[in-house]
Amino acid sequence: MSSTELPESRAAAAAAPRVSTVRVAEGERLRTVALPGLTLTVRARPAARAGLPPALYVHGLGGSSQNWSALMARLADRVDGEAVDLPGFGDSPPPDDGNYSVTAHARAVIRLLDAAGRGPVHLIANSLGGAVTTRVAAVRPDLVRTLTLVSPALPELRPQRGAWPTALLALPGVSTLFSRLTRDWTAEQRVRGVMSLCYGDPGRVTDEGFRNAVEEMERRLALPYFWDAMARSARGIVDAYTVGGQHNLWRQAERVLAPTLLVYGGRDQLVSFRMARRAAAAFRDARLLTLPDAGHVAMMEYPETVAKAVRELIDESDVGAGGADDGGS
């Protein structure tokens, strides 16, 4: 039994009552996908016209499908986009088995795509989602047209100092201790801390964006499984970093066949900028976008720039495929 499948997690995995309504931006809609042992919330933005190729967005640790609203809006005329809340995050309840490993998250993405029959898709991911979708692309190449990874959580020998709290969170009991030590922190304080860690320039966040983030933080903190999902997913990342053989994430990156776009921020405190070159060498059909002023969530800080790069990737892949599924563009 792996460290991400502890028996006590089953109690925490029981679906909790919804504490408040999840924010849905104008033009978006939510749907629920029920699978055996798993329920996923999917955020969709209808395509600008019929016939556009499908895309799936996958968030990072502590994130949700809301992280993709800005990018989804800018790509709505190019793809039919959906963003998933991974199990235990956003509006998706914990999985019945309490398994938050990278493999389990990858399995959830695969099951979602298989159930919907949407594959192959343009797969776009951030951080933890980058590790998850690298595994998806390696084991199920039939489901992936292109792969875009924004600051992917791939193994580092010397992790960034800003990433140490994530590793500590993976230790048994630390999440409980941290939740107790920070019980008096306001949602505003927590959000400012997260933004200072994840953004290259927190000043780019609008007042409305900050208010929305505080509202979402308040909602998450009221969920009884919030800290459990965070701790076990962090443990899943640490576990994935130590796996060798064919399941090693770098080995799997080398197996990815899909054209890949890698996006790295020069001010990223969680994923080292120096990993950009290694990643570009690992993925066999890679192109690299470096943003010197961006932090860990470039798709939220510089959505126009990232959207332009994704469009170019999709256009290149269409040309390589003989122009198939170009949506009439």
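1. Strand β6 (residues 144–150) is largely enclosed by the rest of the structure, because six of its seven residues are buried. Buried means under 20% relative accessible area, exposed means over 50%, and partly exposed lies in between (1.4 Å probe, protein chains only). Helices (H or I, at least four residues) and strands (E, at least two) are DSSP runs, numbered from the N terminus.

2. On the basis of the note: this is a predicted model, in which local features need pLDDT of at least 70 and side-chain atom pairs count only at pLDDT 80 or more, while totals for chains, interfaces and linings use all residues. Residues are numbered from 1 along each chain as its sequence is written, and side-chain values use heavy atoms, with hydrogens and water left out.

3. Strand β6 pairs with β5 (residues 121–126) in the parallel sense, over six bridges. Two strands count as paired if DSSP finds at least two bridges between them. Within this pairing, Leu-123 has Leu-147 of β6 as its bridge partner.

4. Most residues other than glycine have a negative phi, and most peptide bonds are trans. Gly-119 and Pro-120 are joined by a cis peptide bond, with omega about 0°. Pro-120 belongs to the loop between α3 and β5.

5. Ser-127 is placed in the loop between β5 and α4 and is buried, at a relative accessible area of 10%. Ser-151, also a residue other than glycine, has a positive phi near 45°. Ser-151 sits in the loop between β6 and α5 (164–169), and its relative accessibility of 1% makes it buried.

6. Asp-142 lies in the loop between α4 (128–139) and β6. With 44% relative accessibility, Asp-142 is partly exposed.

7. How many cavities of 30 Å³ or more does a search of the whole structure find? The search gives two. On a 1 Å grid over the protein atoms alone, a cavity is a set of points where a 1.4 Å probe fits but cannot get out, and lining residues have an atom within 4 Å of a point. Grid points are joined across faces, edges and corners, and a volume is the space filled by probe spheres set on the points.

8. The largest cavity has a volume of about 50 Å³. Its lining consists of Gly-63, Gly-88, Phe-89, Gly-90, Arg-220, Leu-223, Tyr-225 and Phe-226. These divide into four nonpolar, three polar and one charged. In this scheme Ala, Val, Leu, Ile, Met, Phe, Trp, Tyr, Cys and Pro are nonpolar, Asp, Glu, Lys and Arg are charged, and the others, Gly among them, are polar.

9. Two residues of that lining can be followed further. Phe-89 is in the loop between β4 (80–85) and α3 (102–116) and is buried, at 5% relative accessible area. Phe-89 and Arg-220 are 131 residues apart in sequence, with a C-alpha to C-alpha distance of 8.5 Å.

10. The second largest cavity holds about 30 Å³ of space. Thr-21, Arg-23, Gln-66, Asn-212, Glu-215, Glu-216 and Arg-219 line it. This lining has no nonpolar residues, three polar and four charged.

11. Rings of Phe, Tyr and Trp (its six-membered ring) pair if their centres lie within 6.5 Å; planes under 30 degrees apart are stacked, over 60 edge-to-face, and the rest tilted. By this rule there are two aromatic pairs. Tyr-57 and Trp-68 make a tilted pair, 5.4 Å centre to centre with 45° between the planes. Tyr-57 is in strand β3 (residues 54–58) and Trp-68 in the loop between β3 and α2 (69–74), so the pair ties together parts that are eleven residues apart in sequence. Tyr-57 is buried, at 0%, and Trp-68 is buried, at 0% relative accessibility. Phe-226 and Trp-227 form an edge-to-face pair, 5.1 Å centre to centre with 75° between the planes. Phe-226 is buried, with a relative accessible area of 12%, and is also one of the residues lining the largest cavity.

12. The charged end of Arg-204 sits over the ring of Tyr-302, 4.1 Å from the ring centre. The criterion is NZ of Lys or CZ of Arg within 6 Å of the ring centre and within 35 degrees of the ring normal.

Key:
On a 1 Å grid over the protein atoms alone, a cavity is a set of points where a 1.4 Å probe fits but cannot get out, and a pocket is an open set with protein on both sides within 12 Å along at least five of seven lines; lining residues have an atom within 4 Å of a point.
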